[in-house]
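Subject: Structure for your files

Hello,

Here is the structure I said I would pass on. My notes follow below it.

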Amino acid sequence: EDQVTQSPEALRLQEGESSSLNCSYTVSGLRGLFWYRQDPGKGPEFLFTLYSAGEEKEKERLKATLTKKESFLHITAPKPEDSATYLCAVITGTASKLTFGTGTRLQVTL
Amino acid sequence: ETGVTQTPRHLVMGMTNKKSLKCEQHLGHNAMYWYKQSAKKPLELMFVYNFKEQTENNSVPSRFSPECPNSSHLFLHLHTLQPEDSALYLCASSQGDRGQPQHFGDGTRLSIL
């Protein structure tokens, strides 16, 4: 059974303090890994898709990377508006099912 | 309107009521999904539709009945729900159902009395 584990469960950063969120996965036949951001009371907002080990994607202060066992979401010089829950999900084989992790709740303070 | 729209945003119902959740996507996608999000748990896929045909039912109890009349609209009909069904129900859509990013609505917060 596919498994996705995110760590840490919660992270508190000061504004400007860079850090990384981890998403490790145990799957057979990874076809894609997705990062989403979810604000309270909202649905997940798509950030990135990564398809193969070594791939990197960037958007503003966020950079996602992928290896054969895990993905990192690097946050450089975060701002309070980056506070949210960040979700990782994988899609495998021929399935259309996304398997999600439980998320990392990020809080960025002034 | 753009994106994926879900109505109602909040719903409180008794265990014997019948209600429906509605989802509409304005992205031109052909696949639509229902997910359940409970506190402290990962999002759980419930149903997948591709070109109006159901392609996946993730062992969902029959008290949840999906309907997809066309590629832009998706419904979830609810009847005789249990308190443990209280959760955020999210609709998503994608271009194809084989690995393209899924785009989500803001969900319906369902509370069962």
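B:Tyr35 has a relative accessibility of 0%, so it counts as buried. Please keep in mind that this is a predicted model.

Aromatic pairs

B:Phe104 is also buried, at a relative accessible area of 9%. Both values fall under the 20% cut-off for buried residues. Across all chains, a search of the whole structure turns up eight aromatic pairs. In one of them, the ring centres of A:Tyr36 and B:Phe104 are 5.5 Å apart and the ring planes stand at 85°, so this pair is edge-to-face. The pair joins two chains, because A:Tyr36 belongs to strand β4 of chain A (residues 30–38) and B:Phe104 to strand β10 of chain B (residues 103–104). Like B:Phe104, A:Tyr36 is buried.

B:Phe104 has a ring pair with B:Tyr35 as well: the centres lie 5.3 Å apart with the planes at 50°, so the pair is tilted. This one links distant parts of the chain, since B:Tyr35 is in strand β4 of chain B (residues 31–37) and B:Phe104 in strand β10 of chain B, 69 residues apart.

Which residues do the ring pairs link into a cluster? They are A:Tyr36, A:Phe46 and A:Phe100 from chain A, with B:Tyr33, B:Tyr35 and B:Phe104 from chain B.

A sheet in chain B

Chain B has an open sheet of four strands, in the order β1-β3-β8-β7, with antiparallel pairing. Its edge strands are β1 (4–7) and β7 (64–70), each of which pairs on one side only. From one strand to the next, the twist averages 20°. Five bridges hold the antiparallel pairing of β7(B) with strand β8 of chain B (residues 73–79). Within these strands, B:Ser65 is found opposite B:His77 of β8(B).

Strand β1 of chain A (residues 3–7) has A:Val4 and A:Gln6 on a covered face, while A:Gln3, A:Thr5 and A:Ser7 make up an uncovered one. β1(A) pairs with strand β3 of chain A (residues 19–26) in the antiparallel sense, over five bridges. A:Thr5, from the uncovered face, stands opposite A:Ser24 in β3(A).

Regards

Methods. Residues are numbered from 1 along each chain as its sequence is written. Chains are lettered from A and ligands numbered from 1 in the order in which they are written. This is a predicted model: local features need pLDDT of at least 70, side-chain atom pairs count only at pLDDT 80 or more; totals for chains, interfaces and linings use all residues. Side-chain values use heavy atoms; hydrogens and water are left out. Two strands pair if DSSP finds at least two bridges between them. Axes are lines fitted to C-alpha atoms, for helices over the stretch in contact, and angles run from 0 to 180 degrees between N-to-C directions. Rings of Phe, Tyr and Trp (its six-membered ring) pair if their centres lie within 6.5 Å; planes under 30 degrees apart count as stacked, over 60 as edge-to-face and the rest as tilted. Buried means under 20% relative accessible area, exposed over 50%, partly exposed in between (1.4 Å probe, protein chains only).
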